[in-house]
Amino acid sequence: MRVTGKPNILIIMVDQLNGKFFPDGPADFLHTPHLKALAARSARFRNNYTSSPLCAPARASFMAGQLPSRTRVYDNAAEYASSIPTYAHHLRRAGYYTALSGKMHFVGPDQLHGFEERLTTDIYPADFGWTPDYRKPGERIDWWYHNLGSVTGGGIAEITNQMEYDDEVAFLANQKLYHLARERDDEGRRPWCLTVSFTHPHDPYVARKKFWDLYEDCEHLLPEVGALAEDEQDPHSKRIVHSCDYGNFDVTDEHTRRSRRAYFANISYLDEKIGELIDTLSRTRMLDETCIVFCSDHGDMLGERGLWFKMNFFEGSVRVPLMISGAGIAPGLHLAPTSNLDVTPTLAALAGISLEEIAPWTDGISLVPMIAGMPRTEPVLMEYAAEGSYAPLVCIREGKWKYVHCELDPEQLFDLEADPLELKNLAADRAYADVIAAFRQKREKRWDMAAFDAAVRESQARRWVVYEALRNGAYYPWDHQPLQKASERYMRNHMDLNILEESKRYPRGE
């Protein structure tokens, strides 16, 4: 199918990048020349949020424009149903070639979800082995739950499991861009959407020395809010402290400095990879016709309040960068709260695709009107129902307010303009009774918390049965196995060498 007039789309997704370090593109202290150059020509969304502060639910929601309560991807071991349309489906249906290089943490036998091709396997397992269990509150599943060994072990390495993965992700993505460039002039060329999804700067906090050295004199190696006493932590934070086994680790200021330094260093590592991708686009003359989306699945607390990783609704965990550039997209900073749920509707709008058939079941909205100067007034919704929780939590971000509810806990209400560090919970203050009442009404209209809890429990119980059954006897893994057609690569005897050499050259005849 030949489709003209539609932009190519490059989605660059990183993992666990705290949006507080992207107040208007990368913060000044970050050594990120390529991301800063991209920011200068992008629409930038300062108060953008994940749908859920954990990898698999966040990514499933990102691709579908639906909250976890709709996708039923509640945690890192919940199956992503093949019947849920993603942006890859929408674009492919409209004639796009769609491909993924890197992580998306799909769980279940469908490892494509609309992508025509995956260039790499995933970095995480695709089965149900990481299923939490609300029937056993307080249980730690030692072999896969986070612990603070990532923090106490922070430092330098020239190769790690994650570096090996991201090196491959970048190499194969660049190789694919060259391939797409060589097809540009071919009859029947389709527009393309390439998603390049890295696993950094996700813990463990280990970086290559060349990037580590960039932050020797960094002034941001300790958090703004240090560890809180146990009686100062909210109930969910206490559950996270337990689930991540904080009690068995003595995290010192030096551990914190080293971990944060490695985290910043890995942002610079990613910047180099992103620079390579954009350079390839430029040299293959595709940059001007390509829309670039830069985003992250969720954030990282990085020691703020004594918390690490994610799994909560504090800003470090849920606020994530979002930048969009391309022809017709005016550069500029947008302050109204937005969501990763908005990305799929935005991509559809940029590609001229209607989502009317599924609109009643989407939770995001297109950001194109906002980029054009229209106000965005819809509240941003978030959910969490995974490890560290004993019942689902929900959050509403609207205007200057953030409201958090869990059936097990006292409510939380923060004024993020007056209290950006979220140190003063206003929920019990009578002066804000009307604000709390309004948020309760919105929460009750959007969520049936008892039904949400029941659905999560049913999903967990079913998955535990299936996982244990499939681990008995012969085991067939769901992990994606990238296939290469070796007989169609380079030079083979069914090919005409003259045609091959011309077709594989770019630019041709120059």
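How many cavities of 30 Å³ or more does the count come to? The count comes to six. A cavity is a set of points, on a 1 Å grid over the protein atoms alone, where a 1.4 Å probe fits but cannot get out. A pocket is an open set with protein on both sides within 12 Å along at least five of seven lines, and lining residues have an atom within 4 Å of a point. Grid points are joined across faces, edges and corners, and a volume is the space filled by probe spheres set on the points.

This is a predicted model, in which local features need pLDDT of at least 70 and side-chain atom pairs count only at pLDDT 80 or more, while totals for chains, interfaces and linings use all residues. Residues are numbered from 1 along each chain as its sequence is written, and side-chain values use heavy atoms, with hydrogens and water left out.

## The chain as a whole

The chain contains 15 helices and 16 strands; helices (H or I, at least four residues) and strands (E, at least two) are DSSP runs, numbered from the N terminus. Its C-alpha trace spans about 75 × 50 × 50 Å along the principal axes. A compact globule of 510 residues would have a radius of gyration near 24 Å, and the 23 Å of the chain agrees with this. That radius is taken over C-alpha atoms, and the globule rule is 2.2 Å times the number of residues to the power 0.38.

Of the 510 residues, 58% count as buried, where buried means under 20% relative accessible area, exposed over 50%, and partly exposed in between (1.4 Å probe, protein chains only). The accessible surface comes to about 21400 Å², and carbon and sulfur atoms hold 51% of it; such areas come from the Shrake-Rupley method with a 1.4 Å probe. Among contacts with a separation of 6 or more, 75% join residues 24 or more positions apart. Contact means heavy atoms within 4.5 Å.

In the table, Ala, Val, Leu, Ile, Met, Phe, Trp, Tyr, Cys and Pro count as nonpolar, Asp, Glu, Lys and Arg as charged, and the others, Gly among them, as polar.

| Space | Volume | Lining by class |
|---|---|---|
| Largest pocket | about 1200 Å³ | twelve nonpolar, seven polar, 15 charged residues |
| Second largest pocket | about 610 Å³ | twelve nonpolar, four polar, eleven charged residues |
| Largest cavity | about 130 Å³ | six nonpolar, five polar, five charged residues |

The largest pocket has a volume of about 1200 Å³. Its lining has 34 residues, with Glu117, Gln175, Lys176, His179 and Arg489 closest to the centre. Strand E5 (117-118), helix H6 (161-182) and helix H15 (497-503) each supply at least two lining residues; H6 gives the most, seven.

In the second largest pocket, 27 residues form the lining, and Lys20, Arg46, Glu224, Arg319 and Pro420 lie nearest the centre. The largest cavity is lined by 16 residues, with Gly138, Glu139, Tyr145, Ser389 and Tyr390 nearest its centre.

Helix H11 (residues 343-350) is largely enclosed by the rest of the structure, because six of its eight residues are buried. These are Val343, Thr344, Pro345, Thr346, Leu347 and Ala348. Just after H11, Gly352 has a positive phi of about 70°.

Thr338 belongs to strand E12 (residues 338-339). Its relative accessible area is 0%, so Thr338 is buried. Apart from neighbours within four places in sequence, Thr338 is in contact with Phe45, Asn47, Asn48, Tyr49, Leu367, Met370, Arg376 and Val380.
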